Amino acid sequence: MTPAVSVVSVRPQWLPCGQPARPSLATWQHGPVTAATHSTLFPQVPDSADAVLDGLDPEQREVATALHGPVCVLAGAGTGKTRAITHRIAYGVRAGILQPTSVLAVTFTNRAAGEMRGRLRRLGAHGVQARTFHSAALRQLQYFWPKAVGGAMPRLIDRKVPVVADAAAACGLRLDRTELRDVTAEIEWAKVTQTVPADYALAADKAGREAPRDPAEIARLYSVYEDLKRERGIIDFEDVLLLTVGILQDRRDIAEQVRAQYQHFVVDEYQDVSPLQQRLLELWLGDRDNLCVVGDAGQTIYSFTGATPDHLLDFRLRHPGATVVRLVRDYRSTPQVVHLANALLAQARGRAADHRLALVSQRPAGPEPVFTEHPDEVAEAEDAARRIRDLIASGVPASEIAVLFRTNAQSETYEQALADAGVPYQLRGAERFFERPEVRKALVSLRAAARFGGNDALLDDADDLPSQVRAVLSGEGWTPEPPARSGAVRDRWESLAALVNLARDFAAAHPGAGLGDLMTELDERMNTQHAPTVQGVTLASLHAAKGLEWDAVFLVGVAEGMIPISYARTEQQIEEERRLLYVGITRARERLYVSWSLSRSPGGRPNRRPSRFLDGLRPGSPALAARGTAPAAGGIDRGHGSMPAGTDPYDDPYAAPPRRTRRTPARCRVCGRTLTDAGEIKLLRCDDCPSDMDEGLYERLRAWRQEQARRSGQPEFCVFTDRTLMAIAEAVPGDERELARIPGVLARKLRRHGADVLAICAGREPGGSGAEN
């Protein structure tokens, strides 16, 4: 990391135009890097809108301040995308540019939506709706159903399988459990792609899907399934989206009411939207374009559900004037992990691969990834358990270690190995933290203690918040030392220990806080499903690991037939399996272990081989040449107006602008030193080098800027920053071509203010340009 330097930064206090002054380098580059996915548990709420921007890197800051018009954020793994978009919303709300109730942020999981709400709360942006597509649609459907349809809304079912089983029986089809699951998934795919039963066979063939049964049988079963739902007065989760889309399409008055409520939209994980979700988003938007989407085609791993990265890749075609920001600074992983991830995608094929992002690690060097081959799965699991036990003994918290596998069926072997090694673990995707019986019971006890603690003998000797919580929870089974055995007893202890640790961290962040304050925090966390950390090694599938990260990750079972999975046959399916492994690799911050076994059981035939995806990556395998086009670098492409698709050189959102890639390093025109600071680049000289600025011209430009700001009702720096005016006063341009060469004089500002500025530089009175808004 670059040593800290002393930098003075003057920030405006009023920023309604959404364009802050140049950020202090100390906030992101030369001080402690805060633009990471790691954050303190209880950070202080920023004291101003401008403070919300502190700690963002230049690209994240661009995301946070680009509050108008369409914005596409292409964010690689570990680049702080959630940080960027939550700070964008918070900055807009705190600066008074966005009304919190007019913002709708949507994502794909309750966990991600809960995390977003938690972050917005900690940034002081209250009242913003952060929901999943289904949750947002369900609220609208429940509200508008009486007006649009009348009567009571049908009951929403949690599981389709029982109804699909009844439909299969009505069709005379006998399906085992696996077939029922596969047929149900096929029905879900048909619905999110807006395919009706009569069109299913043709649509499935066109999409290259391998149907679990004869397509004609699935189409008939799908039709009967829909009939049964109508007869029983029930709907499924896909119906929530379909019915909401139908109402918004058919009832213009209702659509206008929704659009009047929500003016600004943010969509996270945009590479995972289905055609149905895209249609709903379009209906929410109407003819407006205040939309910010965030995604990475290299992390598309849910295409089997109907998700497609095409909406992300085609964003510039639908919105030619969009601002595109590429986040490639990886704050999560070491250079060794990032190098492996980049090398994996360098072998990929297809459209998403052609637009891959090249991550650049911002962390110090770490250990090289470890590749290990084992004779069988049991030996592989036992070796992982030994290594995990050693990591914990060396000081790595168990909660910062994960074992990731391709299928849930692989979990049992690792559960047994960890239990035998005395290592605590938790299964990802199991019961939610706040819904666990022991947690609910503990919260009742803590709430009672907060209300009547003065009469509780347990608290007589507890003189601070952590000791009070320990005293209360000791009655629920918490002990200072964990139980020796694993299983349910250990799971209950881990849940209570998570509450004890949370109380300790809360007290450290809020000196003087009492039990009542802690219960308020816990209630907020329960509402947003922001669970505390449970101390146990995480066991999870690669799909379930999306969006998470750990200090140490064990990628196990990385063999042919498992990843890529045996039923992945087409190039599209194979490439999705590669992206799934990429997601697994990029979950690791520091340590990465990749392993495979030659046979399933001890003594079995060693007929397995390492995954083809490891060719050229693991030691001893032949090097492979990279395929496709070069990866896109980080940067910012601002909109270029409503140019027809195909005429804008930046139509491809992943292609770096040609002008940016051809640009030579900026050098000081006085001493010749290479310039890296944005302000120095704007002046084309070092801050310490002598200036030949025309002071009189600079003062005339400032007076003119003040008048332009008064007319437009914007802060002065929204016309031109001080640095840009200084650069103009030093260069004294004589025509538009010379003026356009000055950094900070963008095409829009050149059109709006160019004539005035050139007149002032020539010693004439400005002609009144700048009235345009």
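**Close-up views of a predicted model**

View 1. Phe-133 is buried, having a relative accessible area of 1%, where buried means under 20% relative accessible area, exposed over 50% and partly exposed in between (1.4 Å probe, protein chains only). Phe-108, at 26% relative accessibility, counts as partly exposed. This is a predicted model, in which local features need pLDDT of at least 70 and side-chain atom pairs count only at pLDDT 80 or more, while totals for chains, interfaces and linings use all residues. Residues are numbered from 1 along each chain as its sequence is written, and side-chain values use heavy atoms, with hydrogens and water left out. The structure holds 9 aromatic pairs, defined by rings of Phe, Tyr and Trp (its six-membered ring) whose centres lie within 6.5 Å, with planes under 30 degrees apart counted as stacked, over 60 as edge-to-face and the rest as tilted. The ring centres of Phe-108 and Phe-133 are 5.5 Å apart and their planes are at 55 degrees, so the pair is tilted. Because Phe-108 lies in the loop between β2 (103-107) and α4 (110-122) and Phe-133 in helix α5, the pair ties together parts that are 25 residues apart in sequence. Helices (H or I, at least four residues) and strands (E, at least two) are DSSP runs, numbered from the N terminus. Phe-108 and Phe-133 also form one aromatic cluster with Tyr-262, Phe-265 and Trp-284.

**View 2. The stacked pair of Phe-554 and Tyr-593.** The two rings lie 4.3 Å centre to centre, with 5 degrees between the planes. Phe-554 belongs to strand β15 and Tyr-593 to strand β16 (residues 588-597), so this pair ties together parts that are 39 residues apart in sequence. Both Phe-554 and Tyr-593 are buried.

**View 3. The two sides of helix α11.** Within helix α11 (residues 252-261), Ile-254, Ala-255, Val-258 and Arg-259 are buried. These residues cover an arc of only 135 degrees around the axis, which puts them on the same side of α11; the arc is that of the directions from the helix axis to the C-beta atoms. On the other side of α11, Arg-252 and Ala-260 are exposed. The buried residues of α11 pack against α5 (133-148), α10 (237-250) and α12 (275-285).

**View 4. The surroundings of Glu-238.** Glu-238, found in helix α10, is buried, with a relative accessible area of 8%. Leaving aside residues up to four places away in sequence, Glu-238 touches His-134, Lys-160, Glu-188, Lys-191, Val-192 and Leu-276, a contact being heavy atoms within 4.5 Å.
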